[in-house]
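Hello,

Here is the structure for your files. My notes follow below it.

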Amino acid sequence: MTDVALLTAMAILFVVAGPLLLIAKGLRLSIIPSLILAGLFVGQLNLIDEALMLELARLGVAFLVFMFSVQIQTEQVRTVVSNTEVVAIVQALVLGVLGLLFGLMVGIALEYGVLTDVGLGDPLTVEQALFVGIAAALSSTIVGTALFAQSQSDIVHDYLSSEIDSVNDFLAVFLLLIVSAGTFALEPVAAQLGYGVMLLGAAIAINRYLFGIIERLASGSDEAMLISIVALLIVFLAAAEFLETSIVIGAFAAGLAVRDNPVEYSEVFNGLNSIQEFFVALFFATVGALVTLPSPTAVVADPSAALSPFVPIATIALGLVVLTVVIKPIVIGILLVHNGYDRRSAMITGLNLDHVGEFAVIVAIEALVLGLLIEPVFEAIILAAAVSMILSNLTHNYDEEIYRTMASRGWLGQPYHDVDDWNSVPEDISDHVVIVGYGRHGQRLVEFCEEIDQPYVVIENNPQALPDLRDKCNAYVFADAIESETADVSNLEAAQLIISTAESKSVSEHFLSFADTTDVVVRTRELPMAAELIEQGAMYVIVPDLLAADQLADRFEALLNGEYDPDELRAESMRELDVERAPSHHSTVESASHTGELDS
Amino acid sequence: MVDVGLAGDVAIILVAAALVGVLAVRLGQPTIIGYILTGVVIGPVGLGLVEPSIITDTMAELGLAFLLFLLGIKMRIDEIRHLIAPIVKISIPQMVAVGSVGFGLAVVLPFSFEEAVIIGLAVVYSSTAVVIKMLNDKGEATSLHGKIDVGVLLAQDIVVVIILAVLAAGRPEGVADVAMTLGIVMVLVTITTVAAITASRYVLPSLFGRIAGDTRLLFLVAISWLFLFVLVSDQINLLLSPIGVDAYLSIEMGAFLAGLAIAQLPYSKDLQGRVNPLTDLFVMVFFVSVALDFEASDLLAYWQEAVVVAVGLMIVKFVVFFLLLNWQQFDLETTFLGSIGMIQVSEFGIVVAVAAVESEPPFIGQAELGFITLVALMTMSVSVYFIQYNRQLFERVEPYLSRWEQSDPVQPADTEYRNHVVVIGYDEIARRALRILEDQYDQIVVLDRNVEHVEAVENAGYDSLFGDVQYEKIRKDAAVKYADFVLSSSDQMEINEILLKETTEETTVFVEAATAEEAEQLYDSGAEYVILAPQLGVAQFVEYLESYFENRSTFDREIATDMELLRSGQLFPDSTDQLGGDDD
């Protein structure tokens with residue numbers, strides 16, 4: 001190992017990462033695999049003192065877990081487990097078991113020398129196989145969130161992916177707690193859990209009593225607050241080290257000790273975020289650098305000798321990639337379909353989650369540091385993570401295409417309905433309005449149709465909306481909007497008007513294919529996209545901001561010119577709010593009379 | 001694999017510095033003093049808890065690099081161009097004068113001729129870290145006196161680089177040898193500067209423009225850019241040794257130039273907010289570690305001499321700067337503030353001294369190094385107070401300085417917003433609101449984090465700021481606090497709450513919300529009007545639908561304006577179209 005200053009090594013890591021990040025951006029890949037790859041390249045140069053670098057890089061893990069734990073405080077704690085969460089847990093279990101079995105098989109194959117001259121040095125035990133299982137089971141938020149173009153989406157597969165991801169994150173933190181017990185034997189686990197509970201207790205006590213004092217001492221200085229919080233984190237990390245448990249637990253407890261107050265301390269949390277981003281980037285690059293690939297020169301000189309130690313690593317990595325990229329989407333898809341989701345949402349959700357998550361990488365590195373995981377298996381997990389993250393980006397970018405190809409070849413079978421009343425459309429319906437999506441927008445349109453006695457059909461694919469559909473809608477189809485079966489049942493050909501409230505390009509384009517015979521209104525957020533949709537035959541395109549601006553136009557001038565007294569203005573809009581929240585139809589009556597005036 | 005614990009030294013440094021730092025804030029003292037004291041207390045001089053390790057050294061180095069990077073990001077060349085000439089005219093005589101005084105004092109005191117030369121060379125510079133940290137904390141980095149100080153510090157930096165290069169080359173053979181080294185360093189600095197400026201003009205705009213939408217990516221690529229310069233400056237010797245050139249560049253210089261290249265881009269404000277916290281963290285380690293390298297005996301060997309020299313130097317530095325700035329016709333306040341900031345001896349003085357100790361054969365011994373360090377520590381600590389209370393001090397002494405008043409001083413460029421409109425996020429609603437507001441307000445500034453939106457804003461003739469409003473830096477630049485009208489077209493609760501908290505009663509604040517519950521909460525927080533965009537949108541659409549079912553031609557007429565806009569596909573149309581869609 002050449003001795004290079006830590007600063008130089010760090011500089012090289014980041015300098016290599018920069019162009020890779022730019023390339024990744026061009027290819028619409030996410031950040032983390034690029035970082036791991038940068039590390040992988042630099043690692044082969046043998047310039048980096050990995051142990052030393054890891055000492056700094058593990059701060060990234062600490063900050064990541066810390067920020068995660070600060071934020072979960074504000075999440076609402078639910079006692080009811082939703083069916084998506086069940087799906088997430090079952091999925092993790094199935095993949096975990098498959099991963100474990102695969103790991104064991106590789107272990108047995110090596111033990112009996114199926115491949116000659118190939119070995120790991122250490123036996124591949126059940127424990128090692130268990131980590132392969134964990135890697136297969138966990139996908140996680142950071143890669144996921146980086147993939148989602150819009151947050152807070154109404155689109156079913158988007159919110160499904162993010163829910164499954166967050167369950168995975170909780171599982172990962174729980175697993176980290178167990179991993180940090182140092183071994184899977186029962187007794188240490190109990191002791192570690194005890195320490196863990198002690199740290200958490202201390203954290204809660206600090207949150208309750210001490211944090212207020214820290215706030216007062218820092219007396220409004222963001223810098224003082226920032227370093228105090230960092231110091232708090234460090235104290236917890238040190239306590240965790242002292243108790244010989246993982247720093248992850250320390251970081252998690254520290255997060256609970258800090259009060260989440262993003263408005264009051266926006267600057268402090270921004271600061272923590274920047275620091276976290278820097279160290280997390282360093283962490284993933286360092287992780288990449290820990291993997292040793294066979295050197296190209298050695299491979300050329302003597303292929304079999306150079307490659308043979310690498311065969312088991314590659315086998316495990318390949319197996320993991322197959323498990324996560326191929327098997328995981330299938331498992332998720334089947335589970336979701338059985339929970340009432342349509343096959344397209346199920347499939348696309350699966351394609352969003354088909355990677356080894358970065359929390360799995362963190363579990364692996366903690367296990368490695370604690371001496372639980374042997375290096376070849378660790379390297380296999382890292383390689384699999386990098387490869388599967390890149391593949392996952394690709395499958396996400398082409399998810400609709402993949403779905404269409406598979407569906408048209410008949411690989412996905414027929415649409416499946418687990419409820420009998422999946423549609424309630426009268427057979428002879430015609431000249432009706434088809435409302436796609438039963439969100440806030442869709443519900444208002446249904447109300448409107450009922451007011452003017454206009455027949456309508458609602459198309460919705462979210463099982464959580466099913467009870468409301470049954471109660472409130474005269475005619476609905478509970479299915480994927482794009483299925484041809486849905487078009488038949490809702491008698492699209494005979495409809496007068498189709499209004500799609502789903503901001504999804506594929507859904508919009510599907511309905512625009514009926515634009516020759518029917519009036520079609522679709523929705524998008526972006527004006528350039530709207531032009532494209534009108535080109536394709538849309539009668540009108542709903543762009544929420546544009547409509548809101550239209551609605552505001554009359555009032556805006558008066559508002560902005562200050563023709564309202566501020567107090568009066570506020571009072572008036574407060575009154576409107578109350579009206580809006582009450583389920584009466586006041587506002588519609590008002591607007592109806594408004595149009596009446598216009599007509600007369 | 002090794003057992004990797006979290007660096008214990010770093011942990012002690014961070015925790016101790018945080019404790020002392022908070023205490024310092026509590027007592028109204030600058031945090032730098034807290035950090036330096038922390039180093040004295042926990043280091044070998046005090047309790048001996050911590051010794052410098054590779055990790056602490058690296059973090060300290062990063063601290064200095066990030067500090068200069070951050071400084072670079074703040075330097076818009078357009079804003080400092082007119083200062084370059086006076087800065088050159090100030091810094092060269094200043095260094096000669098202070099260096100001679102330092103040498104003279106040292107010769108009078110019991111130091112040998114050679115030691116006195118090194119001492120003279122070491123005390124010339126003022127502390128980049130102290131001055132810039134203090135100016136940043138006080139928000140004076142871009143004021144006129146701040147810019148002058150920064151300019152002089154950079155000129156000194158170049159000299160440090162040269163001195164270090166000379167010292168690293170060993171005892172110079174003669175004048176020619178020194179001139180050679182000097183020439184190489186000047187050429188390298190010039191090449192790097194030209195490279196940075198060229199990049200900022202031709203490469204970076206398109207490069208950063210493509211990634212600016214992704215906050216995390218922008219941040220990481222900017223750091224990668226920084227490290228590229230750090231790496232090149234650090235390894236320049238390695239790169240050039242094959243062609244037989246002994247070269248030397250400082251990491252700090254590289255970091256500054258990397259930042260300077262980014263400063264010329266519109267995304268620099270956004271990056272400042274993100275780089276700042278990392279800088280704070282690393283700089284803290286830097287200040288703590290200044291005092292870590294010494295044994296008490298070495299540090300205190302010449303303590304009486306150090307006190308004398310420290311006091312003498314502070315006075316001399318102030319007087320020299322005061323006279324030179326006055327000569328360059330800066331106004332009295334700028335002259336005073338600019339001079340009072342620069343009275344300390346720099347950490348670079350210590351670096352020079354260390355190089356002199358490590359040179360073969362050494363120019364000075366450990367005790368002399370301790371002496372220089374002690375002078376630096378004392379002057380830094382004292383000067384921090386002078387900078388902290390610089391304005392109060394000026395008010396006190398102003399009456400006695402009237403004879404130095406300028407009749408026609410250099411004017412600072414002033415571009416501060418007051419009683420203006422701040423718009424957060426440019427969208428259709430904001431665009432139409434601005435068309436009404438632009439009649440009443442002269443200054444309109446739009447904040448957005450989308451490259452295309454920012455372009456549209458500039459095309460529409462408003463000022464634009466690229467950045468995330470969650471960062472205080474951006475809000476300060478837009479002077480949200482002093483705005484007369486704030487319109488937020490973001491429906492993120494956090495952002496709107498921050499805006500409402502920052503503005504006063506006098507400011508009219510319009511914000512957007514997604515749900516009625518959020519709207520009510522925002523009214524409670526003091527919003528004048530909450531735009532419930534989704535609900536308004538639905539209501540408008542239902543109005544259109546009513547027409548659709550009653551009378552198709554009315555409907556077609558009503559949506560005509562909208563359709564025209566939609567068909568154009570332009571993000572923001574030219575400002576020639578009519579207002580609103582339904583005002584017929």
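Which residues in α11(A) and α10(B) meet? A:S274, A:E277, A:F278 and A:A281 meet B:R216, B:F219, B:L220 and B:I223. Contact here means C-beta atoms, placed from the backbone, within 7 Å. Nonpolar covers Ala, Val, Leu, Ile, Met, Phe, Trp, Tyr, Cys and Pro; charged covers Asp, Glu, Lys and Arg; the others, Gly among them, are polar.

This is a predicted model: local features need pLDDT of at least 70, side-chain atom pairs count only at pLDDT 80 or more, and totals for chains, interfaces and linings use all residues. Residues are numbered from 1 along each chain as its sequence is written, while chains are lettered from A and ligands numbered from 1 in the order in which they are written.

Helices are DSSP runs (H or I, at least four residues), numbered from the N terminus. The crossing is right-handed (near helix turned clockwise from the far one by less than a right angle).

Now the whole interface. 92 residues of chain A touch 96 of chain B. On the chain A side, helix α24 (residues 544-560) gives the most, with 15 residues. That side has 59 nonpolar, 16 polar and 17 charged residues.

Best wishes

Methods
Helices (H or I, at least four residues) and strands (E, at least two) are DSSP runs, numbered from the N terminus. Two residues are in contact if their C-beta atoms, placed from the backbone, lie within 7 Å.
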